[in-house]
Amino acid sequence: MNTPKELKYAKTHEWVRFTSETECEVGLSDFAQDALGDLVFVNLPEVGTEAVQGETICDVESVKAVSDVYAPVSGTVTEVNEELLDSPEKINEDPYGAWLFRLSDVSCPEELLDAEAYDKFCAEEEH
Amino acid sequence: MTNKTPLYEEHLALDGRIVDFAGYFLPVQYPTGVIKEHMAVREGVGLFDVSHMGEVTFRGKDALANLNYIFTNDYTNLKNGRVRYGVMCYEDGGCVDDLIVYRMGEEDFFVVVNASNRHKDVAWIKEHLFGEVEFADVSDEYAQLALQGPLSGEVLGKYTELPQKYYSFINTTILGKEVIVSQTGYTGEYGFEIYCKPEDAVELWRELLKDERVIPCGLGARDTLRLEASMPLYGHEMDETVSPLETGLDFGVKMNKDFIGRDAMAARKNRHRIGIQITGRGIAREHCDVYQEDRLIGHTTSGTHCPYLKGAYAMALVDEAYEPGTPVTVDVRGRRIEGKVVTLPFYKREK
């Protein structure tokens, strides 16, 4: 499993890439895309949506099932990755390149995991 | 308790993602992924472990009469070496299970049923047997492999003669092992099902996978393939509340003979199975309400993204027959998604 060191992770399997102190990109971890299987549909949030840490913000669908995506931090959606609407398989192919949405005014009431802690968390979840 | 098929260790060795399905540990997919496994069957060849399927036998002077009374189809003119679909119904016309019947001899029939219904089926059949018939549940004496796809004949033909017609079978040997090979399957594609002794399954499985073109496939692809080909699945398109006529299985129901459930199902036909192509954004799965304009007309029974057709499709049970092209909407988690009625099957292979 690939877990880049420079990113932060939520226990709900989203990654967070901070681009400034108050802005970030959000995507699904390698562990998540592998567990979900081939993704065939992405339902992205609307720009302007208020994301609340730990609450559902959008969903992704594999051939087998629909899965909620949770906001790993709080903030306002400023941009969504529309390329994924036509090519959801990019999340499987390049999970850390395929960001889902960007947030501003980010706050993070509950602390995120670093790569090492996230790997450990995933290893436990597999058992 | 969850059972292991004889191929359980093979699935682990291939890194299959194991789930409990109908009381058996089986792979939902291998690392290849559902979409590639699905496409392998449409364009190449895929291998499935379907050892969980149940098998029962009817033998004796009244075997045929029992089949014709307990099942909806008529097996009188079924020739030796041929296979025929059928349904088993309750008195009220609802479905106990659907099945396929192999005629092994004049008074000798081999019947394949759904794994999840096996014990219920056996109990129901035993309650209704009559005359001179020997009935047995032989599920534990057989493992089953399905080799499916346009190249399946080329692969299997290296080892044995093949049954030449769709829905026919032969008794033969592969690597010296006694097997039944039928030209049948649950994918909508050209292909074969191989019944063998459980102790021979691993060797046959490994031998077939030696051909690099053969891709091992899991239950995920089995489901997307059957749905794309619009083949009904017990527990979805039919169950104890749905009659085979309501779900469009008229070809497997012969109303001109006496069988359990006939009169009740003749008196009711309140529903129809239709196909829906989703034209809006999203994927409709089972149990979604279906509307025509603002009127609730029924619900979806199965639905997914179909990898070969590259789009979302669903089957639904609705109140009447709707013309292809009729616009409908499907409620997917509170959101109305647009679709249209299309002719079943969604996918039909070119002969």
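Helices (H or I, at least four residues) and strands (E, at least two) are DSSP runs, numbered from the N terminus. The model shown is predicted, so local features need pLDDT of at least 70 and side-chain atom pairs count only at pLDDT 80 or more, whereas totals for chains, interfaces and linings use all residues. Residues are numbered from 1 along each chain as its sequence is written, and chains are lettered from A and ligands numbered from 1 in the order in which they are written.

View 1. Arg333(B) has 13 other C-beta atoms within 10 Å and is partly exposed (a residue is buried with 20 or more other C-beta atoms within 10 Å of its own, exposed with 12 or fewer, and partly exposed in between, the C-beta atoms being placed from the backbone). Most residues other than glycine have a negative phi, and most peptide bonds are trans.

**View 2. The cis peptide bond from Leu344(B) to Pro345(B).** The omega of this bond is near 0°, and Pro345(B) is placed in the segment after β20 (335-342) of chain B.

**View 3. Helix α7 (residues 219-228) of chain B packed with helix α2 (residues 34-43) of chain B.** The two helices pack at an angle of about 55°, with their axes 9 Å apart (axes are lines fitted to C-alpha atoms, for helices over the stretch in contact, and angles run from 0 to 180 degrees between N-to-C directions). That angle makes α2(B) oblique to α7(B), given that angles under 35 degrees count as roughly parallel, over 145 as roughly antiparallel, 65 to 115 as roughly perpendicular and the rest as oblique. On the α2(B) side the contact is made by Val34(B), Glu37(B), His38(B) and Val41(B), and on the α7(B) side by Gly220(B), Ala221(B), Thr224(B) and Leu225(B), where two residues are in contact if their C-beta atoms, placed from the backbone, lie within 7 Å.

View 4. Ser230(B), which follows α7(B), has a positive phi, near 60°.

**View 5. The side of chain B that touches chain A.** Here 11 residues of chain B are in contact with eight residues of chain A. The elements of chain B that give two or more residues to this side are α2, α7 and β17 (295-306).

**View 6. Arg17(A) in strand β2 (residues 14-18) of chain A.** Arg17(A) is partly exposed, with 16 other C-beta atoms within 10 Å. Not counting residues up to four places away in sequence, Arg17(A) touches Leu7(A), Cys24(A) and Glu25(A). Arg17(A) and Arg102(A) are 85 residues apart in sequence, and their C-alpha atoms are 9.3 Å apart in space.
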